[in-house]
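The sequence and structure are shown first.

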Amino acid sequence: MKTLSDKLLGGKQGVLGLALLALLILVILPLGLDIFRLNLVGKYLTYAFVALSLVLLWGNGGILSLGQGMFFGLGGYCMAMFLKLEASDPISTKIQTTPGIPDFMDWNQLTALPWFWEPFKSLPLTILAILIVPTIFAYIIGFAMFKRRVGGVYFAIITQAIALILSILIVGQQGYTGGVNGITDLKTMLGWDIRTDSAKYILYYVNALLLFGCIFLSRYILTSKFGMLLLAMRDKEERVRFSGYDVSDFKIFTFCVAAMISAIGGAMFTLQVGFMSPSFVGIVPSIEMVIFAAVGGRMSLIGAVYGTLLVNYGKTVFSETYPELWLFLMGGLFIAVVMFFPDGLAGIYQKHARKIPFLKRWVAEEKQKQTDAHASHGKVGTKLGAEA
Amino acid sequence: MFGYSMAEVGNIMVMQGFAGLSMFSVLLLMALGLAIIFGQMGVINMAHGEFMTIGAYTTVMLSKLAVAYGFVNYYFIFAIIVAFILAFAIGYLVEFTLIRHLYKRPLDTLLATWGLSLVMQQIFRSSFGAKEVSAELPEWLLGSFQPTPDIDIPINGVFVMGLAAVVTFGVFLFMFRSQWGLRVRATVQNRVMAGAVGINTKKVDRVTFALGCGIAGVAGAAFTTIASTGPTTGTLYIVDSFMVVVFGGAASLFGTIASAFGIAQAQSILQFFMTSSMGKVATLLTIVGILMMRPEGLFASKVRK
């Protein structure tokens, strides 16, 4: 029997990986970077939540959602609505026609706060909404699709369409959502100014700890019996169904967990960056987040974090200096990862770490421990793709 | 009704319906190519829109040439053919270098072709500039004819519709009345058996993919008659055309036509009575809703997979 700590940490190699990541995120980056850059890293780490959710959903569950951006966005918007209401108190908005409502509503001739903004006056309700709203949304989508055995590329296309619908809706309903600019000018949270340097440090650490929390949660799920079933479903869905499991329930649950993790990332994004806009909801961000997970290794939780950091670092460097080159690189990255490195950075690490004397021990042990379900996933997975 | 008299509403319906028909034609041409690739081969080609853009830029470039040498009245027919050939050739190349390695991983094809579409968009931007360009249309495509004083029907719309009809008929002949179509259908139904009876299934895949891309090229040529072309033109239609294919039921030619018609008409008419974004939202929501109840699409083939 595995102990709880084993399940959370994932054995010796898991501990090593986590410790290295913790060292990097909690110590090296905060010491080595100024607050502006660190805030940027914090922003990237919020995307890592989504990449993490995709490792769970896509790498282990075989369900490719091209709409994870909408859950990120929903979480972010919930947080932004709370902060916006706090920023638009009657005193600071007294020049408006209707004081006390957010400025963009005033510009769009709204005279009262819409009903669905009301709950966001309270922080506990907001936090509840961040966790619950995307999950319910995911439950509805998941229930409708998985119960009818919609999967594979159909699921990908439909989630993409839903992400598109949501982003058009947000852009179109300017008076209720802030339109294409999103919700901006966020200042304080319960009177605490989130724009100061000290606040940024605190938020960075809160974000990092939440990320580790989500890694633990995901690892717990994956190392449990549920995780085994998830893998089995990915590779031989029919067999799992014929063994008496309700496959759709497992898929719905995973989709909901993935949505919730993404939403936490979105909320932290709003807090750290100070705005939320529809450009994080639509098709392009959703599919970009898939590449973060793919670069890190679609099976590796820790890889997803590295993948996100690396791709975003590349994006920042290149789009600042050679914006033209960036799209070529990004496109090339998609193609290269799929064609040559389907297991991403984690796959490269697994392959080459054996050759380094110090790391050899860890990897060799891990290899032995891995059950057949883990070890042969690549081959079975590719074979099954054709059948699915 | 919305402050219009009945006669006006009738005229609006006719004109919006006709605007919907031009959109239907482009959407149909896009979706036909996709339906062939996705329906027959199960490959998701996210770069399909960029093949349409290839066709559109080809037409624009040829029109510039035509203006310089004074054969504006005739070039358009050439442009359609050149657009088809160019998109076909590039599609052939893409299948050979990229797609054929990924047939067994459909989700990965989706990501790889998305990457391809990013690269192609940047190539368009680098070579033709970020600004939208439009083709110099021959005179016989301009203007409109008026069956009654209140109804105004643009000729380019009629032309695009005719083109879509011709291409659809051509695809029908190709798929159901030619040796090649027989081989394509055989490969789809049972790849191993098709190989056993001597069909070169790899070649069939390549030609099918290239043909789908070629039709997207024709869609691009048609597109230039109703709007101007930019590097990201293809992305406007890609989700819509996927919805058309999925909604119509993959592998069903008739389903593709019917759903392209339904989607284009719904958007066009709803856009007049609501805002354009809400019209689109309403249409897409309806499709997603129907797909949730009937995931196999409107006209699913009866074959169990």
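## Helices H6 and H8 of chain B

Trp180(B), Arg183(B), Val184(B) and Thr187(B) in H6(B) meet Thr201(B), Val204(B), Val207(B) and Thr208(B) in H8(B); two residues are in contact if their C-beta atoms, placed from the backbone, lie within 7 Å. By class, four nonpolar, three polar and one charged residues make up the contact of H6(B) with H8(B). Ala, Val, Leu, Ile, Met, Phe, Trp, Tyr, Cys and Pro count as nonpolar, Asp, Glu, Lys and Arg as charged, and the others, Gly among them, as polar.

H6 covers residues 179-189 of chain B and H8 covers residues 201-224 of chain B; the two pack at an angle of about 110°, their axes 10 Å apart. That makes H6(B) roughly perpendicular to H8(B). Axes are lines fitted to C-alpha atoms, for helices over the stretch in contact, and angles run from 0 to 180 degrees between N-to-C directions. Angles under 35 degrees count as roughly parallel, over 145 as roughly antiparallel, 65 to 115 as roughly perpendicular and the rest as oblique.

## Model and numbering

This is a predicted model, in which local features need pLDDT of at least 70 and side-chain atom pairs count only at pLDDT 80 or more, while totals for chains, interfaces and linings use all residues. Residues are numbered from 1 along each chain as its sequence is written, and chains are lettered from A and ligands numbered from 1 in the order in which they are written.

## Chain B overall

Chain B has eleven helices and two strands, in the sequence order α-α-α-α-β-β-α-α-α-α-α-α-α. Its radius of gyration is 20 Å, close to the 19 Å that the globule rule gives for 305 residues, so chain B is as compact as a globular protein of that length. The radius is taken over C-alpha atoms, and the rule is 2.2 Å times the number of residues to the power 0.38. Helices (H or I, at least four residues) and strands (E, at least two) are DSSP runs, numbered from the N terminus.

The C-alpha trace of chain B spans about 65 × 55 × 35 Å along its principal axes. Of the 305 residues of chain B, 50% count as buried, meaning that 20 or more other C-beta atoms lie within 10 Å of a residue's own, with C-beta atoms placed from the backbone. Among contacts in chain B with a separation of 6 or more, 79% are between residues 24 or more positions apart.

## Where chain A touches chain B

In total, 41 residues of chain A are in contact with 36 residues of chain B. H7(A) gives the most to the chain A side, with 15 residues. That side divides into 31 nonpolar, seven polar and three charged residues.

H7(A) packs against H4(B), residues 106-128, at an angle of about 40° with the axes 8 Å apart; the two helices are therefore oblique to each other. Here Gly152(A), Val153(A) and Ala156(A) meet Pro106(B), Leu107(B) and Leu110(B).

## Ala161 of chain A

Ala161(A) also lies in helix H7 of chain A. Ala161(A) is buried, with 24 other C-beta atoms within 10 Å. Not counting residues up to four places away in sequence, Ala161(A) touches Val239(B), Met243(B), Leu284(B) and Val288(B). The C-alpha atoms of Ala161(A) and Gly282(A) are separated by 9.1 Å, although the two residues are 121 apart along the chain.

Notes:
Buried ≥ 20, exposed ≤ 12 C-beta atoms within 10 Å, placed from the backbone.
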